Amino acid sequence: MMLTKEEVLKTVNDLPGEFSFDEILDRLMLLNKIDVGIEQSNNGETLSTEEAKESLAKWLK
């Protein structure tokens, strides 16, 4: 999924007068990840709590 120009402009306009490149990059990456997550959810590409626990079990031991 791609960000719209409006989303990018709103993000830039919400920043203070001075900001670093890393700050804008972090915010745009977060917006993109949220959009991807929403798209995955809409497509049924999610796990139940139990499935997530099973999948993460090897990392949480």
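Helices (H or I, at least four residues) and strands (E, at least two) are DSSP runs, numbered from the N terminus. The model is predicted, so local features need pLDDT of at least 70 and side-chain atom pairs count only at pLDDT 80 or more, while totals for chains, interfaces and linings use all residues. Residues are numbered from 1 along each chain as its sequence is written, and side-chain values use heavy atoms, with hydrogens and water left out.

**Exercise 1. Helix H2 and its end**

Work out what span helix H2 should have, and compare it with the distance between its end C-alpha atoms.

Solution. 
- Step 1: the expected span of a helix is 1.5 Å times one less than its number of residues.
- Step 2: now look just past H2, where Gly44 has a positive phi of about 75°.

**Exercise 2. Salt bridges**

Find how many salt bridges the model has, and describe where the partners sit.

Solution. 
- Step 1: side chains of opposite charge can pair when their charged atoms come close.
- Step 2: here a salt bridge is a side-chain nitrogen of Lys or Arg within 4 Å of a carboxyl oxygen of Asp or Glu, and the count by this rule is two.
- Step 3: check the accessibility classes (buried is under 20% relative accessible area, exposed over 50%, partly exposed in between, with a 1.4 Å probe and protein chains only). Lys10, at 52%, is exposed, and Asp14, at 48%, is partly exposed.
- Step 4: Glu50 pairs with Lys53, the closest N and O atoms being 4.0 Å apart. These two are three residues apart in helix H3 (residues 49–60), about one helical turn, and Glu50 is partly exposed at 49%.

**Exercise 3. How H1 packs on H2**

Describe the packing of H1 and H2 by angle and axis distance, then look at Thr11 in H1.

Solution. 
- Step 1: two packed helices are described by the angle between their axes and the distance between the axes. Axes are lines fitted to C-alpha atoms, for helices over the stretch in contact, and angles run from 0 to 180 degrees between N-to-C directions.
- Step 2: for H1 and H2 the angle is about 140° and the axes are 10 Å apart.
- Step 3: angles under 35 degrees count as roughly parallel, over 145 as roughly antiparallel, 65 to 115 as roughly perpendicular and the rest as oblique; H1 and H2 are therefore oblique to each other.
- Step 4: with contact meaning heavy atoms within 4.5 Å, Glu7, Val8, Thr11, Val12 and Asp14 of H1 meet Ile24, Arg27, Leu28, Leu31 and Asp35 of H2.
- Step 5: Thr11 is buried, with a relative accessible area of 10%. Setting aside neighbours within four places in sequence, Thr11 contacts Ile24, Arg27, Leu28 and Leu31.

**Exercise 4. Placing Ala52**

State which helix holds Ala52, and give its accessibility class.

Solution. 
- Step 1: Ala52 lies in helix H3.
- Step 2: at 25% relative accessibility, Ala52 is partly exposed.
- Step 3: Ala52 and Gly37 are 15 residues apart in sequence and 15 Å apart in space, C-alpha to C-alpha.
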